[in-house]
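This report describes one protein chain for a reader who has its sequence and structure at hand.

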Amino acid sequence: MLTRQTIHDVVRAALAEDAPWGDLTSELLIPETAYATARLSAREPGTFSGGAVFAAAMTLTDPAIEVDLAVADGDAFEAGDTLATVSGPARSVLQGERVALNFVQRMSGIATLTASFVAEVAHTSARIVDTRKTTPGLRAFERHAVRSGGGHNHRYSLSDAVMAKDNHLAILTAQSGLSVTDALRRVRSELSHTTHLEVEVDRIDQIEPVLAAGVDTIMLDNFTLDELREGVAIVGGRAIVEASGNVSLATVRDIAETGVDVISSGALTHSVRSLDLGLDVVLENA
């Protein structure tokens, strides 16, 4: 989903926001002929993501800037490592600095947190996936960062799959007068064979009626560990089992060990801390 066009559209908007009429400070303080080399340095360990975005922030500021990435998205790094080198007109490097850092710091923060989640469940078959709880306008960036950290993506948008939650089911059954099973069977019959159908439940007794409709995935929302184990046993391989709710680094290992197939967590994107990366500029000449 992180296409060249998406990167350019978002980065151009961010650059225009940050310097709508140019960089007044650099234009006043830095000679027009000054040239600079800057190194993107890690001030703490982590997992890298956003190399193409970082480079775009620089080259869209000024095509004369050259960016040499030392690591690839998904690579682990240590504090003190050089992640990229930027060379070009000093004014332009300084103008693009903050936007470039904002993106790569956030994306690497998401990748690093995701990698920690993935490591916690590595001894199981459970997948770590994100949710739609992303920053508006930055979903493609944040979802890419989740993949950089070894995680997987949930449906990209409301247009990609059918995912019926409690409010959907309440309205559906009330309006149709049908049972949950019959109402979902009708939905299933109207779907293309390529369209995925997922249904959320929040009680054990809801599992069988939902499974009887032939759903592809059943989400066990805010279940206790004992309830998750019971739910997995009831499903018995008839559908993919997703666990959601109360997922954190402290709980994800225990959740994975209940036997669920997928663990979704909004925290991967909505509660992440940007990683501490710095751009250290060294002037070559003036």
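A salt bridge is a side-chain nitrogen of Lys or Arg within 4 Å of a carboxyl oxygen of Asp or Glu. In this predicted model, the side chains of arginine 43 and aspartate 280 meet this description, with an N to O distance of 3.2 Å. The pair links distant parts of the chain: arginine 43 belongs to the loop between strand 1 and strand 2, while aspartate 280 belongs to strand 12, 237 residues apart.

Arginine 43 also takes part in a salt bridge with aspartate 276, where the closest N and O atoms are 4.0 Å apart. Aspartate 276 lies in the loop between helix 11 (267-270) and strand 12 (277-285), and arginine 43 in the loop between strand 1 (35-42) and strand 2 (46-47); the pair therefore ties together parts that are 233 residues apart in sequence.

| Residue | Relative accessible area | Class |
|---|---|---|
| Arginine 43 | 46% | partly exposed |
| Aspartate 276 | 35% | partly exposed |
| Aspartate 280 | 35% | partly exposed |
| Arginine 238 | 46% | partly exposed |
| Glutamate 208 | 39% | partly exposed |

The class follows from two cut-offs: buried means under 20% relative accessible area and exposed means over 50%, so a value in between counts as partly exposed.

Both of the other classes can be illustrated by single residues. Leucine 28 is found in helix 2 (residues 24-29). Is leucine 28 buried or exposed? Its relative accessible area is 65%, so leucine 28 is exposed. Together with Leu24 and Leu29, Leu28 forms a nonpolar patch on the surface, and the three have about 380 Å² of accessible area together.

Serine 92, by contrast, lies in helix 4 and counts as buried because its relative accessibility is 12%. Which residues does serine 92 contact, leaving aside its neighbours within four places in sequence? They are Thr61, Asp62 and Ile65.

The final values concern the whole chain. The protein chain has 11 helices and 12 strands, and its C-alpha trace spans about 75 × 40 × 25 Å along its principal axes. Of its 286 residues, 45% count as buried. The accessible surface of the chain comes to about 13700 Å², and carbon and sulfur atoms account for 51% of this area. Among contacts between residues at least 6 apart in sequence, 70% join residues at least 24 apart.

Definitions and conventions:
Residues are numbered from 1 along each chain as its sequence is written. This is a predicted model: local features need pLDDT of at least 70, side-chain atom pairs count only at pLDDT 80 or more; totals for chains, interfaces and linings use all residues. Side-chain values use heavy atoms; hydrogens and water are left out. Patches are made of residues with over 30% relative accessible area and no salt bridge: like charges are joined within 9 Å, nonpolar side chains (Val, Leu, Ile, Met, Phe, Trp, Tyr) within 5 Å. Accessible areas come from the Shrake-Rupley method with a 1.4 Å probe; for residues, only the protein chains shown count as cover. Helices (H or I, at least four residues) and strands (E, at least two) are DSSP runs, numbered from the N terminus. Buried means under 20% relative accessible area, exposed over 50%, partly exposed in between (1.4 Å probe, protein chains only). Contact means heavy atoms within 4.5 Å.
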